[in-house]
Amino acid sequence: MKTTETMTKQADLKQYGIDAAKVNWNLSPEELQKIAVAEGSGEETANGTLVIKTGKFTGRSPQDRFIVKDDYTAERVWWGKTNKAVSPENFDKLEAEIKKYLSGKEIYARDGYVCAEPEYRTNIRTVTEYSWSSMFVFNMFLRPSPSELENFSEDWLVLCAPGYECPDPKAYGIRQGNFSIINFTKKIALVGGSAYTGEIKKGIFSAMNMVLPVERNVLPMHCSANVGKKGDTAIFFGLSGTGKTTLSADPERKLIGDDEHGWTADNTIFNFEGGCYAKVIDLSEEKEPDIFRAVKPGALLENILIKEDGEPDYLDSSITQNTRVSYPIYHIDNIQETLYANNPKNIFFLTCDAFGVLPPVSKLTPGQAAYHFISGYTAKVAGTEAGITEPVPSFSACFGEPFMPLHPTVYGEMLSKKMTEAGVNVWLINTGWSAGPYGVGSRIKLKYTRAMITAILNGELDSVDYDQNFIFGLHMPKYCPGVPTEILDPMNTWLKKGEYVGKAIQLAHSFHLNFEKFAAQASEQIIEGGPLIDEHHHLNESF
């Protein structure tokens, strides 16, 4: 193993215009943790896990995320609320400011890479102001071997300066003092004014979501993935609270990754990352055993309070609801060692439908798959936010809109094409309510959802009969092993059928309204994949 001293010879940050007082190259997590504790920026739990506070920002700041608008991006990026433009000139000024700010300081540099499939490996050099930011990068990006570090050359550079705040944001074309900016021509990501580590992770994810489809014909996906003993890969899409992490953790299958993946032209599914960044609010061994056991030395807990006995207080949300842990993926036992696998067979779109009108399981046509992928639907339930007294539809394009630089239909068309070519089945799984909306019905039991997924993975729904839901057009199996037949058609579970129809039409209308912004770029096949009926249609049936 190379010593830290010899690693310092591999690069000098002066080549980037940073004249640091000291550069700590590729320190081990143990060394970084010691520094954080010694300087008072972190403390340890009873089992020796580092806990840090990210300060003012305890989550991403999507309104302060920008993409440099230049020849590479001008005609490609889906500009608007999600992807906001900043000029190359203003980027250059902010880059110079951050380099000036980092100069004269003791800083931390780390070499890593993303994309586990060797052909798509992308080297990332990260320069951070804080020791624990470097520890986060060690956990989340893939880790080169000592020999690979010797001649390391980066494809992308990340400069992270949480302590720098832009003194005159308007003069630099940004909103306020903090910012995250991606420059695709210079291949540099800047993070200024925010110590929230997720900005580093999602900055590179956003970059890959542009580069891979445009330059490499790879579909980037905000999803988890696992692989069975027969080599069949399953992919799980879903927004927060839908069960993506829980349902992809399966003792019978190996985890490829829990958040960011690529799908290649030759049907390899590969993890972008080398770690996991999990929410830990209300974490318990019973609910999430893999995550709970991964919180050990080497993991990094964020914005958690420590109880008197030294244990982390997962119930306390006084700092933020978005408490997190990052850890290297080898903290999980049942993983796919290479972090990639072939042969995608099933894709699951997970939604928590709090209206109680979507079927618990339905099989999608290619057009429906693209439509629901572009829509990215789930529902917020009453009580999650001030003023929400009944379920509210929530849509996030491609189940990851904040990180998608291209128009969602580009990803939707790619998915539709790939699923057709690979013969993949796509399923919509409702992990939400049955027998009425939130407050009336009850949440579909996890054991039933697991039974549905197991039946699909075992091929047991390949030969059953299906009914078509007359409002959403979804194909619902008439039978599923381990699941009560009466819940498979959601209308059967409602006492008053007319109320089901009214609520279902209300949700169908929300889908149509949301999709209007994509319709001009969507193919006829995708548009026809939406609900069959809208609020303006009249049903003649009498219930």
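A crossing of two helices is left-handed if the near helix is turned anticlockwise from the far one by less than a right angle, and right-handed if clockwise. Keep that in mind for the second stop. The model on screen is predicted.

**Stop 1: the two domains.** Colour residues 18-218 and 274-331 as domain 1. Domain 1 puts 26 residues into the contact, and domain 2 puts in 24.

**Stop 2: a helix pair.** Select helix α9, residues 366-375, and helix α10, residues 408-422. The axes are 9 Å apart, at an angle of about 145 degrees. Which hand does the crossing have, left or right? α9 passes α10 right-handed. Now show side chains. On α9, pick Pro 366, Ala 369, Ala 370, Phe 373 and Ile 374. On α10, the contact residues include Pro 408, Tyr 411, Leu 415 and Met 419. Thr 409, Gly 412, Ser 416 and Thr 420 of α10 also take part. By class, the α9 contact with α10 holds nine nonpolar residues, four polar ones and no charged ones.

**Stop 3: strand β6.** Select residues 106-114. How many of the nine residues are buried? Eight are, so β6 is mostly covered, with buried meaning under 20% relative accessible area.

Strand β1, residues 22-25, runs parallel to β6 and is joined to it by four bridges. Find Trp 25: its bridge partner in β6 is Ala 109. Then select strand β7, residues 122-128. β7 pairs with β6 in the antiparallel sense, over seven bridges. End at Val 114, whose bridge partner in β7 is Thr 122.

Terms used
Residues are numbered from 1 along each chain as its sequence is written. This is a predicted model: local features need pLDDT of at least 70, side-chain atom pairs count only at pLDDT 80 or more; totals for chains, interfaces and linings use all residues. Side-chain values use heavy atoms; hydrogens and water are left out. Buried means under 20% relative accessible area, exposed over 50%, partly exposed in between (1.4 Å probe, protein chains only). Helices (H or I, at least four residues) and strands (E, at least two) are DSSP runs, numbered from the N terminus. Two strands pair if DSSP finds at least two bridges between them. Axes are lines fitted to C-alpha atoms, for helices over the stretch in contact, and angles run from 0 to 180 degrees between N-to-C directions. Contact means heavy atoms within 4.5 Å. Ala, Val, Leu, Ile, Met, Phe, Trp, Tyr, Cys and Pro count as nonpolar, Asp, Glu, Lys and Arg as charged, and the others, Gly among them, as polar. Domain bounds come from an automatic or database domain assignment.
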